[in-house]
Amino acid sequence: MFKQAIRRYSALPKWALEPAFKDVNPAAGREFRHEIEAAEHHAKGTSQFWIKISAFVAAPAIALTAVNTFFVEKEHAEHREHLKHVPDKDWPRDYEFMNIRTKPFFWGDGDKTLFWNPIVNRHVSHD
């Protein structure tokens with residue numbers, strides 16, 4: 001009765017209200033459900049595996065790398081502090097490929113890069 005009322009007052013065509021699959025195969029449905037459950041079980045196991053890999057391998061590796069980087073950068077900072085008194089004109093010019101400017105930058109004084117850091121970067125001119 002409800003179906004007839006929907007068909008009577010609906011603007012949809014008659015074929016749109018009929019089931020999409022008339023010949024249903026229950027065995028194929030059970031097989032499909034079994035495959036979906038197996039995939040879900042596999043996904044749960046795989047996700048747990050990668051959570052454990054992340055927690056017990058990746059996180060300690062990142063922590064050890066961070067500790068190592070801290071000490072290396074601390075040594076670099078001490079070295080920079082030691083060489084702070086050396087003026088730019090007396091800085092060694094070993095690398096001719098550094099600070100090459102074919103045309104000036106369109107910001108600042110035109111000679112320093114966008115990410116210039118006066119504490120870390122030295123301005124060595126190759127005149």
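Is Phe 106 buried or exposed, and at what relative accessibility? I would like to start there this morning, keeping in mind throughout that what we have on the screen is a predicted model. Phe 106 has a relative accessibility of 78%, and because the cut-off for exposed is over 50%, Phe 106 counts as exposed.

Let me first step back to the chain as a whole, which has 127 residues, of which buried residues make up 4%. Its secondary structure comes to 2 helices and 0 strands, and the chain exposes about 11900 Å², with carbon and sulfur atoms supplying 63% of that area. If we take the contacts between residues at least 6 apart in sequence, 46% of them join residues at least 24 apart.

Now to the aromatic side chains, where the count comes to 4 aromatic pairs. One of these is edge-to-face and joins Phe 49 to Trp 50, with 5.2 Å centre to centre and 75° between the planes; Phe 49, at 46% relative accessibility, counts as partly exposed. Phe 106 pairs with Trp 107, also edge-to-face, at 4.9 Å centre to centre and with 80° between the planes, and Trp 107 counts as partly exposed at 25% relative accessibility.

Met 98 lies in the segment after helix H2, which spans 26–82, and counts as partly exposed at 41% relative accessibility.

Notes
Residues are numbered from 1 along each chain as its sequence is written. This is a predicted model: local features need pLDDT of at least 70, side-chain atom pairs count only at pLDDT 80 or more; totals for chains, interfaces and linings use all residues. Side-chain values use heavy atoms; hydrogens and water are left out. Helices (H or I, at least four residues) and strands (E, at least two) are DSSP runs, numbered from the N terminus. Buried means under 20% relative accessible area, exposed over 50%, partly exposed in between (1.4 Å probe, protein chains only). Contact means heavy atoms within 4.5 Å. Accessible areas come from the Shrake-Rupley method with a 1.4 Å probe; for residues, only the protein chains shown count as cover. Rings of Phe, Tyr and Trp (its six-membered ring) pair if their centres lie within 6.5 Å; planes under 30 degrees apart count as stacked, over 60 as edge-to-face and the rest as tilted.
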